[in-house]
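The following account leads the reader through one protein structure, from individual side-chain contacts to the overall arrangement. Please keep the sequence and the structure in view while reading.

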Amino acid sequence: DAATWDGGLRKSSRSIAQEIRSKSEMAREIAKAKPPPRRKVNGEPIRALTQAEILAEAAQTEVRNLADLERMLNLEEAMKKKAERVKMNYTGPMLRIRSSGATTTLELRYG
């Protein structure tokens with residue numbers, strides 16, 4: 001069995017491992033050949049907002065959030081109304097069966 005077990009691994013295992021290794025090396029070479037992604041060069045640095053600008057932005061956000069909240073509450077209320085179901089009671093003719101000891105009586109109701 002020396003042909004099957006060479007170096008502690010089966011020949012089939014070695015060939016599969018070799019294929020995987022060659023594919024990963026090829027993928028690594030392709031990745032190296034590609035140019036790195038280009039990033040936009042922004043000539044103007046980001047300016048820090050003043051306190052007044054921050055407060056104005058917060059006020060706009062609050063108005064937007066309140067409108068969203070109102071819309072969500074209305075939607076939730078509409079869904080609740082849609083989900084409410086009124087149980088319909090049967091008002092047609094019915095049979096009432098009473099059994100006590102040896103006697104059983106049938107009674108026709110609403111008919």
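This is a predicted model: local features need pLDDT of at least 70, side-chain atom pairs count only at pLDDT 80 or more; totals for chains, interfaces and linings use all residues.

**Salt bridges, a hairpin and a nonpolar patch**

Arg47 and Glu53 join their side chains in a salt bridge, with an N to O distance of 3.0 Å.

The structure holds three salt bridges. Another of them links the side chains of Asp68 and Arg71, at 3.8 Å from N to O. Both residues belong to helix H2, which spans residues 51–83, and they are three residues apart, or about one turn of the helix. Asp68 is partly exposed, with a relative accessibility of 37%.

The remaining contact to consider connects the side chains of Glu107 and Arg98, with an N to O distance of 3.9 Å; this value falls within the 4 Å limit, so the pair counts as a salt bridge. Glu107 is partly exposed, at 33% relative accessible area. Arg98 is likewise partly exposed, at 46%.

Strand S3 covers residues 94–100 and strand S4 covers residues 103–109. How do S3 and S4 pair, and over how many bridges? They run in the antiparallel sense, and seven bridges connect them. Among the paired residues is Ser100, whose bridge partner in S4 is Thr103. The hairpin of S3 and S4 has two residues between the strands, and Gly101 takes a positive phi near 65° there.

S3 and S4 each supply at least two of the patch residues. In a regular strand, side chains alternate between the two faces of the sheet. Is Leu108 buried or exposed? With a relative accessibility of 58%, Leu108 counts as exposed, because the cut-off for that class is over 50%.

The protein contains two helices and four strands. Read from the N terminus, its elements follow the order β-β-α-α-β-β. Of the 111 residues in the protein, buried residues make up 1%, where buried means under 20% relative accessible area. The protein exposes about 11400 Å², and carbon and sulfur atoms supply 58% of this area.

Key. Residues are numbered from 1 along each chain as its sequence is written. Side-chain values use heavy atoms; hydrogens and water are left out. Buried means under 20% relative accessible area, exposed over 50%, partly exposed in between (1.4 Å probe, protein chains only). Two strands pair if DSSP finds at least two bridges between them. Accessible areas come from the Shrake-Rupley method with a 1.4 Å probe; for residues, only the protein chains shown count as cover.
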